[in-house]
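Look at the structure first, then read the points below.

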Amino acid sequence: MRYAMVIDTDKCVGCSDCVVACQTENKVPVGYARDWVVEVTKGTYPHLQMELRSERCNQCENAPCVRCCPTGSSHYSAGGIVLVKPRRCIGCGACITSCPYDARFPHPKGYVDKCTFCDHRIKEGNKPACVEVCPTRCMYFGNIDDPASEVSRLLRQRRYKTLIPEAGTKPHLYFLT
Amino acid sequence: MREELIISGRMNPMIDPQLNIWHWHIPLYLFLGGLAAGILFFAALYTIRGEEKLYPAAVKKAPFITPFILVIGLLALLLDLNNKPYFWQLYTTLRLESPMSWGAWTLMVVTPISFIWCALNIREIFPSFDWRYGWLKWLEAFFTRYKVAMSWVLLIFSVILGIYTGILFSAFNARPLWNTSILGPLFLASGLSTGAAYIMLVSRSHTERAAFSKIDIVIIGIELFLIVHMFMGFLASTQVQIEAAGLFLGGPYTAVFWVFVVFLGMILPALLEVLELRKYRVPVLIPSLLVLGGGLVFRFVIAYAGQASRWLY
């Protein structure tokens, strides 16, 4: 089983509802965020092209943060989700530095925090909070090892990209383009 | 077509400044760790070769500073942690994939040896020092007996201490400036150079100073070669590494790197050392302090510039 998120950049309007939902669901300290929206505008006015991406931890298969963690606090959990054990984390910052997506931040309580794909919700059969609330339904979540899953179907039918695959991280956020 | 690229959106003022997670603590430790590694390497080397008499400052006098700088370095590392009360978790596991993990264990080997080393040479400073208790005297006799064996351990672990910080940085492919395997040897060379400079500073023997001047000139030559080699590698690499090199080739770190690190920290002291060997009168303080200052600035520049370099997407 391998969890993945598929995000349709054509449908996303950049409302940041995913960000707020995550902050609420995961009690993220005020001002911090585990996910964020990137707006990329290319071209010269009036010939412009824009892409909106809801980004978060890529739950990499070859995660630099897990590799560099000196205590084993950062680890792979069921479904390939990369998690932090707060009580093993010394807050050295190696994982923050090692992440090419800048997806981690130091929680004010001392340990390093990041997106968990809402593993507590998945265990109960729910979708991650960001996916659940998306008003344009541009986000999909599921098991890409299962060819019948919605995410697998979308990745078969649509063109997609991942972020800096050349960093060798094998990311599992897929952006439909 | 002229293309404008505007990226907005990730406006998260609480997170983005945090991405430069490593501040002054890390480069200060890198410098102190490298300096201690350099001093202890020479102390162990000349003990193994049985040349204590020829190089008294390197073997006996200079190592007295190492426990202090290692402890200051360790304190800096502790202050840098966000979860300070949990630091001991480092010593519940050994992860070979993580240079920080085996580096932490290396410090656990080198730091006690640096204390033992000073204890064995304490009579250099306090000639009438007495250990007073029988078991302390027994320990002194024990370590004196196995001094050469301990020197071999120290020789190996001081090299690991000098090189691991560079390997730690080079293991981060997210920071293209650090992601070069040259960095390990370069940090080791810089550590050995600052160690040699400190030994010159405290040595009273002319032959010893001259020997370490020669050693330092050779190491500086190696450093300069590694720096040129590093930039050649960057410029022949991918766009992200070309832009990382750009931080030093016209970018914000250009002046500080080439003036303070390369010229004042390497080229000028090497020239002064050559002049000294040619019998010109050069106060030893000048090249030594230049090398030590250059080593410190070098770690700061690399630590900060590395965190400024990133993938573009």
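In this predicted model, chain A and chain B bury about 4,000 Å² between them, where buried area is the accessible area (1.4 Å probe) that two parts lose on being put together, summed over both. Carbon and sulfur atoms account for 55% of the buried area. Ile90(A), Thr97(A) and Asp102(A) supply 17% of the area that chain A buries against chain B, more than any other three residues.

**Contacts between the chains**

- Contact (heavy atoms within 4.5 Å) links 49 residues of chain A with 41 residues of chain B.
- There are 2 salt bridges between chain A and chain B, each a side-chain nitrogen of Lys or Arg within 4 Å of a carboxyl oxygen of Asp or Glu.
- One salt bridge joins the side chains of Arg310(B) and Asp102(A), at 3.5 Å from N to O.

**The pocket**

- The largest pocket has a volume of about 440 Å³, the space filled by probe spheres set on its grid points, which are joined across faces, edges and corners.
- On a 1 Å grid over the protein atoms alone, a pocket is an open set of points where a 1.4 Å probe fits, with protein on both sides within 12 Å along at least five of seven lines.
- Its lining (residues with an atom within 4 Å of a point) has 25 residues, and Leu74(B), Leu77(B), Leu78(B), Leu90(B) and Leu107(B) lie nearest the centre.

**Conventions**

- Residues are numbered from 1 along each chain as its sequence is written, and chains are lettered from A in the order in which they are written.
- Local features need pLDDT of at least 70, side-chain atom pairs count only at pLDDT 80 or more, and totals for chains, interfaces and linings use all residues; side-chain values use heavy atoms, without hydrogens and water.
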